[in-house]
Amino acid sequence: MTENNAGPDSGPFTEIKMKKELITRSSEETLMFGEKFGRDLKKGDVVALTGDLGAGKTIIAKGIAMGMDIIDDITSPTFTLMEIYDGHIPLYHFDLYRIENESELDLLYFEEYWENGGISVIEWADRAGSRLPDNTIRINIEYIDENSRRIVIERPDN
Ligand SMILES: Nc1ncnc2c1ncn2[C@@H]1O[C@H](COP(=O)(O)OP(=O)(O)OP(=O)(O)O)[C@@H](O)[C@H]1O
Ligand SMILES: [Mg+2]
């Protein structure tokens with residue numbers, strides 16, 4: 001696994017963010033990244049996962065669940081948009097692939113979840129438009145080749 005700390009990415013009009021980038025060479029490495037990342041999450045954290053179909057969003061979500069000591073195997077909540085998994089901290093796993101417009105999120109009471117002390121992990125988070133909270137941690141997964149992915153993590157510095 002190659003890691004690179006890009007350091008604070010600040011400009012006069014942008015908030016300070018910590019940006020970190022790594023490359024994984026197998027789905028197991030991505031799973032392990034997710035697990036390590038999931039261990040450090042706190043109540044109320046929101047993790048936005050973006051990346052094309054088959055990039056590895058669900059693999060990261062599975063790893064996060066493992067890092068949160070959740071024993072259930074998590075799958076994509078394709079027909080429900082959201083699935084709750086019980087752990088010492090509840091995990092709200094969203095998959096917004098089927099959202100056609102942001103107003104559908106009203107029916108899901110989207111915002112209430114991260115105000116509820118769980119950890120939210122949102123696949124296809126770009127479908128949520130501007131409705132994610134300011135403290136959202138963003139993870140983008142980019143396909144490099146069949147077994148390699150570039151993972152870029154951006155956190156607001158607060
Ligand atoms: N380095 C890697 N990291 C993650 N996945 C990898 C990697 N190399 C190969 N893969 C494969 O890519 C696929 C990732 O699937 P996954 O379901 O996690 O994608 P996704 O982003 O959730 O897709 P979707 O948008 O359909 O929900 C798996 O088949 C996995 O085995
Ligand atoms: Mg998925």
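## Close-up views of a predicted model

**View 1. Helix H2 and its buried residues.** In H2, the residues Lys57, Ile59, Ile60, Ala61, Lys62, Gly63, Ile64, Ala65 and Gly67 are buried. The helix is thus shown as a mostly covered element, with nine of its 11 residues buried, in a model that is predicted. Those buried residues of H2 pack against H1, E3, E4, strand E5 (91-95), E6 and E7. After H2 comes aspartate 69, which has a positive phi, near 60°.

View 2. Aspartate 73 lies in the loop between H2 and strand E4 (82-85). Is aspartate 73 buried or exposed? A residue counts as exposed if 12 or fewer other C-beta atoms lie within 10 Å of its own, and because aspartate 73 has 9 C-beta neighbours inside 10 Å, this residue is classed as exposed. Computed along the chain in residues, aspartate 73 and lysine 62 are 11 apart in sequence, while their C-alpha atoms are 7.0 Å apart in space; lysine 62 itself is among the buried residues of H2.

View 3. Helix H1, its length and its packing. The 13 residues of H1 should span 18 Å at 1.5 Å a residue, and the end C-alpha atoms of the helix are 18 Å apart, which agrees with that expectation. Its buried residues are Glu29, Thr30, Phe33, Gly34 and Gly38, and the buried residues of H1 pack against strand E2 (17-24), H2 and E8. Strand E3 between its parallel partners. Four of the five residues of strand E3 (residues 46-50) are buried, so this strand is largely enclosed by the rest of the structure. E3 runs parallel to strand E6 (residues 119-123), and four bridges join the two; within this pairing, valine 47 has valine 121 of E6 as its bridge partner. E3 also pairs in the parallel sense with strand E7 (residues 137-145), over four bridges, and here valine 47 stands opposite isoleucine 137.

**View 4. Strand E8 and its antiparallel partners.** E2 and E8 run antiparallel and are joined by eight bridges, with glutamate 21 having valine 152 of E8 as its bridge partner. E7 and E8 likewise pair in the antiparallel sense, over seven bridges, and asparagine 140 stands opposite valine 152 in E8.

**View 5. The protein chain as a whole.** The protein chain holds four helices and eight strands, which follow the pattern β-β-α-β-α-β-β-α-α-β-β-β along the sequence. Of its 158 residues, 30% count as buried. Among contacts with a separation of 6 or more, 63% are accounted for by residues 24 or more positions apart.

Technical notes. Residues are numbered from 1 along each chain as its sequence is written. Chains are lettered from A and ligands numbered from 1 in the order in which they are written. This is a predicted model: local features need pLDDT of at least 70, side-chain atom pairs count only at pLDDT 80 or more; totals for chains, interfaces and linings use all residues. A residue is buried if 20 or more other C-beta atoms lie within 10 Å of its own, exposed if 12 or fewer, and partly exposed in between; C-beta atoms are placed from the backbone. Two residues are in contact if their C-beta atoms, placed from the backbone, lie within 7 Å. The expected span of a helix is 1.5 Å times one less than its number of residues. Two strands pair if DSSP finds at least two bridges between them.
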